Amino acid sequence: MEKLLIEASWEVANKVGGIYTVIKGKAPYIQKNFNEEYYLLGPYIPEVSYLEFSQITPPDIFKDVIEEAEKFGIKVYYGEWLINSRPKCFLIDYSSFLDKVNALKYELWANYRVDSLRTGDDYNHPIAWCRASSIFLKILGEKLSNIPKVLHLHEWLSGSIILFERLPFVTIFTTHATVLGRAISESGGNLWEKLYSIKPDEEAYKYGVEAKHMIEKITAKKADFFTVISNVLKTETEIILERKPDFILPNGIDITKFATIEEITYLHRKNRDLIRDFILYFFSPFYKVEVSKSLLYFISGRKEIRNKGIDIFIRALGELNKKLNEKDPQIYAFIFVPSETVGPDPLIFNNLNVYRNLEEKIEDLLPEIKGRLVHYLIHKEKIQSETLFSKEEFLEIQQIIKQLKTSKTYPISTHLLKPEDEILSLLKTVGLLNKPEDKVKVIYYPIYLRSGDGFLNLSYEDAISGCHLGVFPSLYEPWGYTPLETALSGIMTITSDTTGFSDYLKTITEFNSEYPGIYFIRRKNRRDIEVVEELSEIMLKIARLSRSARIQNKLEARRIASLCSWDNLIKYYLDLYYVSFRK
Amino acid sequence: MLVVYEELKELQEFYKVKVENPILVLAENNHWFIKEFHKKQSIYMGYWVEKKEGIFKVISDIELQEEIESIKIINTKSAELYLRDGNVVKIYLNKGKLHLESIKPFFLTIYFDVRKLYSVFNKEIPYSFLPSTNVFYIQFVNTEENFDLYFKINFEGNLQLINEFIEEDFEFDKNRNAKEWKFKILKALRGYISKIVVEVEDLLDYFGGIDIEIQHPLKKFLFSRILSLYNGEKFRAGLFWFPQRWFRDELLTLIFLNFNKDILEIKRKILNFYLNNLAEIWDKNKEENFLKTADTFLLLINSLDNKAIKDNYDLLIKYLKIWENDFKKEIITLPPKSTWMDTKNRINAFEIDMMYLSALEKLNLIDEYKKYKTLLKARIFSNSYPENEILSPNLFLGYFFCKSFFEEYEWLQYFDKIIEKFYLEWGGFSSENKESKEFHKVHTGEDPRSYHSGDSWFWINNIASYALREISYKKYEEIINKIKEASLKNLLKMGTLGYMSELSSAKELRFEGCPVQLWSLSSLYLSI
């Protein structure tokens, strides 16, 4: 072994959030370059690790270190992370440090003024893990004192590893979003309006994230290299963490898991038809609906109304509804945002079942009907429903249809919602009530999409592949995996200039002005009303695109998103490691 | 001026000290004598007595013509004044009488100022003198304030009657922004004498005192000062003013002296008073008080030992319910001015919460304790408890009453924050965040602006020192020693000799507020 690269994250073999995907995606590329000199470091959590990790005998070089660590009450599990490339990793069992967590918290307070008075297990566990990891790494560093070593830490969760010990490693700290920026945005605040006027340390107290923020800030200052994932985040960290990043490491995407262009076309048709069937079932008990030429728009994500731009999307749909004319296609807009519900709407559920019964009935009768059709055609007789079905069959069908139920109001959601539901209120405010004459009809889908959910019965990936446009007008999106994956799935995408990957793309490619594929709207330093207007105009423009123009756009979306493949982006990480090993 | 503390002979550091503008305080049960030597008088100085009818001032000053070079404090009741001509005047209190005597005659002038405590009466009411052989019998009748007072002065030597009213500027009071500081007093007698004895008629019964078994010289010194404020029935909250019983001050003192075995009998007697009079006093701070007070009842429970709790359990539970009914909504919610910070309208007070929790523990109400602790911690950590009540030196008091409320690391973090915001380099804690707009760095005297908004209270400083020592002497060693140094300086090297004052300006260590304060002494006793 000539050098050693260790990448530490709370999400190594522990799926909690987006960092898991990042590390999992880049690991094969780093392995290719570093072979047996690259290791991951994560927490050992028995109930999770057994699914994600396979223990193997450690090579001799690590045996002593693992034994030495045990003297400090640290059990180190060495093995493979069960992802395709099976990278080697150390999982640290920190359980014995949980008993001492108060002392550890005080140590961080005494040495760095990290105020952890209002923290709970989401802080205690990472801190205990960091302490145990810091001891392990110290022993490891001392054992391998003759080779260059780099330690790469992700997020505040692993930051305190270098606060507890002075380690013989060159250290890199990467943040994928600041704790405070995320907290402000998640609570509905506009980070970009506040950013230049806030006192970050004081602001952190207001959002109850002072401990995590301080860990993040101090780690950023203490690490040899501090990196972020986008230009957007660079501005944010300069102010909030008071350190200018040394590198920007754009997050890549593993494009191999996405469908090919050919598959995309097939999947789109198949799933679009399934969705259109669903729309038919959903609305037709109330009024006649036109689905054949309709377009399907959607928004998805966590229920952060301001942060994810759900409010902007709904208001823009309201405007679009006014702008569309008779000739324009019908727009069905899905809001795939999981929310608290009272339960499935029994009326919708009943109608879906009625339609399925009807389908089955028709299917049973098809051989008979086929025979009758042939008969009428050969004898050139006029075909009428009364003659196509026998009297008994007709009555039977009528009885099924009679079971369809309606209510005084038109359906909006698959589920009954709490009266205070914000999305429902917004829809009412902008007048999107799915009246028969509305050109924009909304379907609020407040549960996680999965095959067998009783309504669409499609996974998230399948559901969006059937749609024509994904809209993500977020206020805060340090990188923006969701819009990126949407574009990579060959779906036209609208996102905002606060999205991290938008900045990156602007630096590496020319955008096609006629068929941009991914549309960027400006949200920074702009009033909502202006954003709503711009978004509604783009959605209108897309509604009026010809079929061929839509295809051109889809191809372009796919092409641009592909530029964010790890194949292209891993070089930034490799450059950083190159520099780090020479420090 | 050089001051010698005879009782501290073993402690070289404190045996002989230099004191600027010293004030002599002698106190014995039902009378006390206060004298300064630099013409900065207070209306509250002089010779005071306690009678059944109340507390009265008798003599404004006994002025010696010869300059005093040094003072030897023998004990709480006696001192020797060393004059420049080599003469030594012994001044002492003994069984209700004030004595001055010397080997060779000295010249003095005696000023009378008979008045009720806190009276600002300022009219020339004649005193009746009945001279006899080596004695003056004096009668004073104030029909406007409805009292009279008889006293006599025995003497050896030549004491002549002057009987002349003069207007005196009481500089000490003027400097502390007192509203009234010019008073008419009587220049009564003067002459060469070798002995005088002042005796006021009908003083309260004399209390013989107790044997002190404490060996530690400094603790013994402090304990004897504390006892000098006990009149056989109750403790005075302080001198020159506040010589009455204040429940909070008295109960806290009993708690601070918890491990002192010499005081057990006194303690038993005092606590019986509280237990026997709970109906009248449970929510008062003084017998004649009308302000609702939150801590008296809680402090009483915290003063009682297990046996007393057991013997009075039903009574205590009954009043606990009454107390909760008055002061507890979901959490404790207080009426204005109901805590020790009695110029402030605090809705929540952390130290009261801790006293309450400690009381629940003492009453073995463990479920209630756990429930309230959980609720309060949730309030604190969710920021729905006022931050200025948590980040305040009162937290040290909270620690004193209920260490189990926070985890140790939580206390440490809070203490560090408080040190950052409130600690004063001379060895005290400001009562207001130093960066606050409300912060007053200089004491404003009778004008209460600085009182709880900057002034540093010695009793809180001493409790802080105690708390910091308990939690980590190693970490806070420097601060603990600084506080001790400041308190001892106030005790021995500033103002009233051997007594501690109430507070100091935040700006620098000073002798300010009430010049002799019971809880300053008893908290120092605890902290050392």
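This is a predicted model: local features need pLDDT of at least 70, side-chain atom pairs count only at pLDDT 80 or more; totals for chains, interfaces and linings use all residues.
Trainee: What makes A:Arg113 and B:Glu420 a salt bridge?

Mentor: The rule asks for a side-chain nitrogen of Lys or Arg within 4 Å of a carboxyl oxygen of Asp or Glu. The closest N and O atoms of A:Arg113 and B:Glu420 are 3.3 Å apart, and therefore the pair meets the cut-off of 4 Å. The count between the two chains is 3 salt bridges.

Trainee: Which part of chain A gives the largest share of the side that touches chain B?

Mentor: That share, 4 residues, comes from helix α5 of chain A, residues 101-112. The residues of the side of chain A that touches chain B divide into 5 nonpolar, 3 polar and 4 charged.

Trainee: How do you know that the radius of gyration of chain B agrees with a compact globule?

Mentor: For 528 residues, a compact globule would have a radius of gyration near 24 Å, and chain B has 24 Å, so the value agrees with that expectation. Along its principal axes, the C-alpha trace of chain B spans about 75 × 45 × 45 Å.

Trainee: How much of chain B counts as buried?

Mentor: With buried taken as under 20% relative accessible area, 61% of the 528 residues of chain B count as buried.

Notes
Residues are numbered from 1 along each chain as its sequence is written. Chains are lettered from A and ligands numbered from 1 in the order in which they are written. Side-chain values use heavy atoms; hydrogens and water are left out. Helices (H or I, at least four residues) and strands (E, at least two) are DSSP runs, numbered from the N terminus. Ala, Val, Leu, Ile, Met, Phe, Trp, Tyr, Cys and Pro count as nonpolar, Asp, Glu, Lys and Arg as charged, and the others, Gly among them, as polar. The radius of gyration is taken over C-alpha atoms; the globule rule is 2.2 Å times the number of residues to the power 0.38. Buried means under 20% relative accessible area, exposed over 50%, partly exposed in between (1.4 Å probe, protein chains only).
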